[in-house]
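Hello,

Here is the structure I promised to pass on to you.

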Amino acid sequence: MKYIFIFALFLVFVLPLSAQEMEIWRNPPPVVCPQGESLDHHVYIPPPAGWDRYLKNGRTETRSKIEVTYIGFSDSAKVAFQKAVDIWQSLLISPITIRVRAEWTGLKTGVLGGASPGTFIRNFEGAPRFNIWYPVAIAEKLAGREINRLDEFDIRASFNSSQLDWYYGTDGKTPRNKFDLVYIVLHELGHGLGFTATTADVANGKGLWFDPSFPNIADIFTHYVEYKLERKFITQYENNTGTLANILTSDQIQFNSPLTNKANGGVPAALYAPNPYEQGSSISHFDPKIFGQGSNLMNPQAPRGVAIHNPGAVILALFADLGWVATSFRHTPRDQPDPHTPINFLAKVESDTTFLADSVFLIYSADSFKTSRTVKALYNATQKEVSATIPAFGRGGLFRYYFSFQDAIRKYTSPSNAPTRSWTMAVG
């Protein structure tokens, strides 16, 4: 007698879409900071109150860590640079070290420094928005892991060694004939951390909100850039047109985002949009006519005798809108070979603000969301973990699912842009 054995093989295919679609944009152009006209008075804006409570022996213990590789810096210049680093470290929260390459080198006359994110990332796991470029430091914070290579820097910055009138002190007592290095470093690190409309440009009489040859989508900063007169975001205009060039040089450009507006007296923050367009400066700074020359860290020109050692409420709110204050939701799809047992889901939650524990739901569908079912998830505050269970399928099949949740600032889905994008699992 012959016996024929038939083995049933249960396979589970888990497709983490956001990981598969992740893209990296390397070597974006820097934002530059030229010197400004001298003021007739000295300005000192001290660091935020209590910023140094995070310091011990000159280093931060919590919140974030910025690690600098110095090239060509004197010891006195390093001390000033470190003061700026410590201020940012006390204000930002990230589990991932932010690596900075800082070079002391000759730059164009009149330029004090320049900086940019080392890379931009989009569609990483944990990205709040789909198809939007994020500076790598924000992306790694939200993803909770290193994304670019360890030999790549998160911020690349340079400072003009040919400029002879630097003030290296950290006390804000900058002489009226010198440029405060702490101020300039704090400013340039601000660009590297995300205050940069990298994808916007004007070239050959045409305005761009993305480069048609590559990125084909906006960065998170440009995503909030608006034409004031028509109250439309520039991403709503046809790209690579003379009309868009006129808009980007209209002196009527603003940053319109919820937290920024609230911190700015309920109105969008005016951006620098002169005519002609200033490569490496336009759009990526606040408008000094509105914010006052020598009064705001992210104004385009830095005057002598000014020492701004505090980003201020509007800039910190803008950084929160970019993603520096957010809820990170980290979910790894699990295998489910047996269709006759309930399916359990877990996700880790890290939040810089108030996470709304009752807001988490799992939405799933067996027909690509023509119909769907929703189950409420449970939040374990001790473990910082969300769990949800759906009934046994009872049969093999393919289904899609996503999470929705909220914090005190915004609504999210995981993955982003759900249900157009979703986690996919084959059961049985």
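This is a predicted model: local features need pLDDT of at least 70, side-chain atom pairs count only at pLDDT 80 or more; totals for chains, interfaces and linings use all residues.

Residues are numbered from 1 along each chain as its sequence is written, and side-chain values use heavy atoms, leaving out hydrogens and water.

On a 1 Å grid over the protein atoms alone, a cavity is a set of points where a 1.4 Å probe fits but cannot get out, and a pocket is an open set with protein on both sides within 12 Å along at least five of seven lines; lining residues have an atom within 4 Å of a point. Points are joined across faces, edges and corners, and a volume is the space filled by probe spheres set on them.

The largest pocket holds about 310 Å³. Its lining has 22 residues, with Pro29, Thr198, Ala200, Asp201 and Gln279 nearest the centre.

There is 1 cavity of 30 Å³ or more, and the largest cavity has about 130 Å³ of space. Of the 16 residues lining this cavity, Gly126, Ala127, Thr413, Ser414 and Ser416 lie nearest its centre.

Then there is tryptophan 51, which counts as buried because its relative accessibility is 14% (buried means under 20% relative accessible area, with a 1.4 Å probe and protein chains only). Beyond neighbours within four places in sequence, tryptophan 51 contacts Lys83, Asp86, Ile87 and Ser90 (heavy atoms within 4.5 Å).

Best wishes

Notes
Buried means under 20% relative accessible area, exposed over 50%, partly exposed in between (1.4 Å probe, protein chains only).
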